[in-house]
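User: I am new to this structure. Please walk me through a few of its features.

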Amino acid sequence: MAFGGKTQVFQKIELSPNQGAGAGTLWLNSPVPTFGSRPTVAAPPATWRERVGEWARHVDLAPDLGHHIGSRTWWRGLFTCLGLCGTAIMLAPGATTIPGAIPPALETSHLDQYRSQMISASALGGDSGLRMGPTDAVAPLAETPERPQIELDTALGTGDSFSHSLSRSGVSARDAATVLSLIAGAVDPDSIAAGTRVRMILGRRPNRNVARPLERLAVRAKLELALEITRENGALGLKRIPIAVDNTPLRIRGRVGESLYRAARAAGAEPSTIQAYLKVLAGQTNVGSIGSDDSFDIVVAHRRAATGESETGELLFAGLDRASGKAINMLKWQQGGRPQWFEASGVGERKGVLAAPVSGARLSSSYGMRFHPVLGYARMHAGLDLAVAYGTPIYAVTDGRVSYAGWHGGHGKYVRLEHAGGIGSGYGHMSRIAVAAGQTVRRGQVIGYVGSTGLSTGPHLHYELYRNGATVNPNSIKFTQTAQLSGVALNAFKARLADLKRLPVGLVKAPTVATASADPAHAGGGGAAHAR
């Protein structure tokens, strides 16, 4: 305030509840006119532009129509919106629609004509090309002569069966049953892979009301076996045609260069083979440390028929020659009825940490004394509770034998495994058990599914670990299992390793045909074979 022509300065400090020690706000007030003096009035805008600008600064022409509904500001905004929309409509260019002809509805004959001209896979049940739909350019005939025989070349589709393929091709139920019986004497018809070509000849039928008789059928049942069924003296008979197959493994070598995957693919390795190879290397070294000057050495099971088809099997040997450092030589070998990867010295897989019993679990209760949520008093909790969704698979933490599988009091559905070295593991509250007592299980094998049986308040796994029969904290135990070859097994292992490393790089010479046939149907590619 101003007293006696002097101006007073006031300091106002505003503190909000969210400020611990907020800064003050300094307000400087202009002198208030003394009594008897006239207040100062601002001069009005001089031009119309200034007046419009002053009005626009104080008036909100486009308010939010979602707030203050019904107020003067809201109505002003509504009129502004309607005015702008009307102006846009008035200024829009005029356009008239162009009438078009409405196509007539397709008749059944037209739809049949379109369907008959469609191209669909015969392996999936398509009948394209078998007949044409009627049109005005085609005159119906009262009777047409039949061809003396029909030659068909079909293939087994994915998820298809051999019997359904015969039925789809027009083979009668009686002939189909005979064919399946004859083939079953040589191979399991369900083992014939998808994509296998089946060549048939259907003969003349006595009248149009019956199916054509099967005169001949040829199929490549396996890489080493072709089957031919022919009709002689009115009866169908089977002829087996063996095909020579070379089982020499395929060796692939090359320099890593910029990319191990691209280099191996360029050398002829399948993507699945490269993935298996990298997985083996990852257990021995850091894959990221493989240098461009290193060389990969891959040996896979390989079968090559005399007719040119081939099959690539599992990875047998994984080698890596390092430009600097120790080379890696890993060979797959049967030990204890189970294939394992062994180093060149005969040392096998090392397992230093137990596998997780479930995936994606949350620890809901630790090992030790706790207040039981169901019983209502404190007692020892001899395991870990792992909260996870109902039905999640439960895995064996390592190799072992099932000593108990069934209902186990408060544990509900429970499985107990016995491992090497006096170690045991228990799995409780299962919804379903997938193993039986006395069964041998492998590390990572599914033994059951998460549930909430027994004294449980929700789906979870109660996981216990035992040492010499007494429970221990599962987080405190780690042990290593190492396979080691010795004696006769080690000598056989090293001999096999030497044989594989002596293999030449690339394909060997194709074998000669064991039983030749002039009919190309005999050499038809089987579904499991592919050309290289």
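User: Which residues form a nonpolar patch on the surface, and what is their accessible area together?

Analyst: This is a predicted model. The patch is made of Trp48, Val52, Trp55 and Leu61. Together their accessible area is about 440 Å².

User: Is tryptophan 55 buried, partly exposed or exposed?

Analyst: Tryptophan 55 sits in helix H1, residues 48–58. Its relative accessibility is 48%. Buried means under 20% and exposed means over 50%. Tryptophan 55 therefore counts as partly exposed.

User: Which residues of the largest nonpolar core touch the most other members?

Analyst: This core has 22 residues. The residues that touch the most other members are Ile394, Val415, Leu417, Tyr427, Ile447 and Tyr463.

User: Which residues is tyrosine 463 in contact with, leaving aside its neighbours within four places in sequence?

Analyst: Tyrosine 463 is one of the core residues that touch the most other members. Another of these, Tyr427, is also on its contact list.

User: Is asparagine 329 buried or exposed?

Analyst: Asparagine 329 lies in strand S14, residues 328–335. Its relative accessibility is 16%. The cut-off for buried is under 20%, so asparagine 329 counts as buried.

User: What residue's side chain does asparagine 329 join through a polar contact of 3.0 Å?

Analyst: Beyond its sequence neighbours within four places, asparagine 329 contacts several residues, including Phe317, Phe342, Glu343 and Lys501. The 3.0 Å polar contact is between side chains. The partner is lysine 501.

How values were computed:
Residues numbered from 1 in each chain as written. Predicted model: local features only at pLDDT ≥ 70, side-chain atom pairs only at ≥ 80, totals over all residues. Heavy atoms only, no water. Helix = DSSP H or I, 4+ residues; strand = E, 2+ residues; numbered from the N terminus. Buried < 20%, exposed > 50% of the residue type's maximum accessible area, 1.4 Å probe, protein only. Polar contact = N/O pair within 3.5 Å; in protein donor to acceptor, adjacent residues only side chain to side chain. Contact = heavy atoms within 4.5 Å. Patch = residues over 30% accessible without salt bridge, like charges linked within 9 Å, V, L, I, M, F, W, Y side chains within 5 Å. Areas by Shrake-Rupley, 256 points an atom, 1.4 Å probe, with all protein chains shown as cover. Salt bridge = Lys/Arg side-chain N within 4 Å of Asp/Glu carboxyl O. Core = buried A, V, L, I, M, F, W, Y, C linked by side-chain atoms within 4.5 Å.
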